[in-house]
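Thanks for making the time this morning.

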Amino acid sequence: MSWFYAFDLFGVAVFAITGALMAGRKSMDLFGVLVIAIVTSLGGGTLRDVILGRHPVSWIGNDLYILVASLAAIGTVLWVRFTQPINERGLLVADAFGLAVFTVLGTQVALAHDVPVSAAVIMGVMTGVAGGVMRDIICNEIPLIFHKEIYATACIAGALIYIALQQLQLGTDLASILAMLAVLGIRLAAIRWHLELPRFHLLDREPHDSDK
Amino acid sequence: MSWFYAFDLFGVAVFAITGALMAGRKSMDLFGVLVIAIVTSLGGGTLRDVILGRHPVSWIGNDLYILVASLAAIGTVLWVRFTQPINERGLLVADAFGLAVFTVLGTQVALAHDVPVSAAVIMGVMTGVAGGVMRDIICNEIPLIFHKEIYATACIAGALIYIALQQLQLGTDLASILAMLAVLGIRLAAIRWHLELPRFHLLDREPHDSDK
Amino acid sequence: MSWFYAFDLFGVAVFAITGALMAGRKSMDLFGVLVIAIVTSLGGGTLRDVILGRHPVSWIGNDLYILVASLAAIGTVLWVRFTQPINERGLLVADAFGLAVFTVLGTQVALAHDVPVSAAVIMGVMTGVAGGVMRDIICNEIPLIFHKEIYATACIAGALIYIALQQLQLGTDLASILAMLAVLGIRLAAIRWHLELPRFHLLDREPHDSDK
């Protein structure tokens, strides 16, 4: 098992935990917890594969993804019920790590399909954030990545850095590590100093919207 | 026309009715009623086919699916307007029947694509419940299958039973009938005695969520 | 560059503007504005391509789509911040034009994949309206096309007219222009006289819904 595959499974587990916690905040039943955990951890990669026309999608043909996501979800429920609350700080750092892995992985997969740079960046970002967006949509929340601390911007930077380093012939392993460190560094800095992108406020009701 | 195909069309009609009723509760116009009915009845199978890379998806190439869903939606509007309210009890039983058919059908399709057992179960459940989840998301509701009486659990049991019976070489017809009876039995028992899965309640606001 | 391709890019820009404005009403940050703009303008075509199994999807392999959508989104933010409010009337007309282009384009693509008429109409409507539906779902609104002035009905008419004219051997250019004029005419008339489809109101709470 390569180190990158181990990182990937770790990312799946972390994202599943954030999904299970959101399901708990919505008082879902155990099936709901499992579904939200699986969608959060595997939804981004599935959307990427479907848009790229890459079949079978990652988790079909490898039981381990579903298994890890399910165990992480069940473990979260048991942990919260029988021990102390989740360590917020630790989960945030783990989530930033998972985000870094997923972004680089998604960019790699897209480049292997010979897509142009703009599409490769979008695929990298999509792999990193789309699972969380699906989780929020199913749970009837406006996706938090669209109006909170810098999150997706770290993915954009990581995808661009990976692509640039690849073209410098640095080797996949070194390029992956440096790009992941970039995502992790930006994300942890954003958490530490509450960095946000500027927002676009539009206060007046605009009647044209009612027609679309 | 095989008996299973007839069952499939019956399931499409029933799911379209539940979609049209939900659209009516949201005061949608006739186009909205049609869309929600079609998404509810064909959305699960479409998602399954797209993830499996199975083209063309089921309802392309067979006009009958769209036709049945549309007629069921229009019939629902006319029925509610001109006669008595919908018979709740009857609709619940019909819905359980449609769920049983869709689950077994989805599991069959997945197995025909040589996916592992975990993916076949997920495809069976997805075929049964994803249309209803899409209906609830479009209508801005938290999907009810995640916090109500046992519903998806019946699908999981049905998919597992179908796979087990297939491996016992029981023949597709007999395996299908027994698996459908399992889904139907569990679902009707859940309706009758209000069986629920345990829920996962998480009351404290967790700030880490605001970062994902 | 054909005139139709120019129209297509114009439609992408207009839909991106409506997406950026909606993101602004939800106070999203700049990343959110970009995502909603891209999803609104390219989501319908992407869904159509994924369901048809057409790879690569339209915007992969042609950077111009993403570029136009992004520039339109950024331009919208700058325009609103530094000059006067958006001209509602003008945007409505531009949106109707984009809708006409997307509908005819989607119908053409579907027919090129040899799907039956019912599926071609659905693909045309989907290309025209699904991006806006995704925008509304992500922004946690019930999609407005399901309960406002005639919008999708114009797409249905346009797709049917295009298919009929094609079968009369009128030539793609002439059929496209006439079908677009039909969409545009119906839509502008609906805006001008506030035409609506009849709605389906269902007031009583129906307990069967809680089980699906």
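I will take confidence, annotation, helix packing, the relation between the copies and the backbone geometry in turn.

Let me begin with the caution that this is a predicted model, and that chain A has an average pLDDT of 88, with 94% of its residues scoring at least 70. Among the elements of that chain, the highest mean pLDDT, 94, belongs to helix α2 (residues 30–52) of chain A, and the lowest, 90, to helix α4 (residues 88–112) of chain A. The stretch to be careful with is residues 205–212 of chain A, where the pLDDT is below 50, although this stretch has 30 contacts in the model beyond near neighbours in sequence. Where pLDDT is low, the predicted coordinates should not be read in detail.

Turning to the annotation, the unreviewed UniProt entry places the feature "domain: Glycine transporter" at residues 6–79 and 93–166 of chain A. In the model, residues 6–79 of chain A are 81% helix and 0% strand, with the end C-alpha atoms 23 Å apart, while residues 93–166 of chain A are 77% helix and 0% strand, with the end C-alpha atoms 27 Å apart. The unreviewed entry also carries the annotation "transmembrane region" for several spans of chain A, including residues 6–23 and 59–80. Residues 6–23 of chain A are 100% helix in the model, and their end C-alpha atoms lie 26 Å apart, whereas residues 59–80 of chain A are 82% helix, with the end C-alpha atoms 27 Å apart.

Now to the packing of helices, which is described by the angle between the two axes and the distance between them. How do helix α1 (residues 3–25) of chain A and helix α7 (residues 172–193) of chain A pack? Their axes are 12 Å apart and at an angle of about 30°, which makes α1(A) roughly parallel to α7(A). On the α1(A) side the contact is made by A:Trp3, A:Phe4 and A:Phe7, and on the α7(A) side by A:Asp173, A:Ser176, A:Ile177 and A:Met180.

What rotation superposes chain B on chain A? A rotation of 120° with 0.0 Å of shift along its axis does so, with an RMSD of 0.0 Å, and that is the relation of a three-fold axis.

Finally, the backbone: most residues other than glycine have a negative phi, and most peptide bonds are trans. The bond joining A:His55 and A:Pro56 is cis, with omega about -5°, and A:Pro56 sits in the loop between α2 and α3 of chain A. The peptide bond from B:His55 to B:Pro56 is also cis, with omega near -5°. C:Gln169, in the loop between α6 and α7 of chain C, has a positive phi, near 60°.

Key:
Residues numbered from 1 in each chain as written. Chains lettered and ligands numbered in written order. Predicted model: local features only at pLDDT ≥ 70, side-chain atom pairs only at ≥ 80, totals over all residues. Heavy atoms only, no water. UniProt positions renumbered as here; feature names shortened; annotations may be inferred. Helix = DSSP H or I, 4+ residues; strand = E, 2+ residues; numbered from the N terminus. pLDDT = per-residue confidence, 0-100. Contact = heavy atoms within 4.5 Å. Least-squares fit on C-alpha atoms with pLDDT ≥ 70 in both. Axes fitted to C-alpha atoms, helices over the stretch in contact; angles between N-to-C directions. Parallel < 35°, antiparallel > 145°, perpendicular 65-115°, else oblique.
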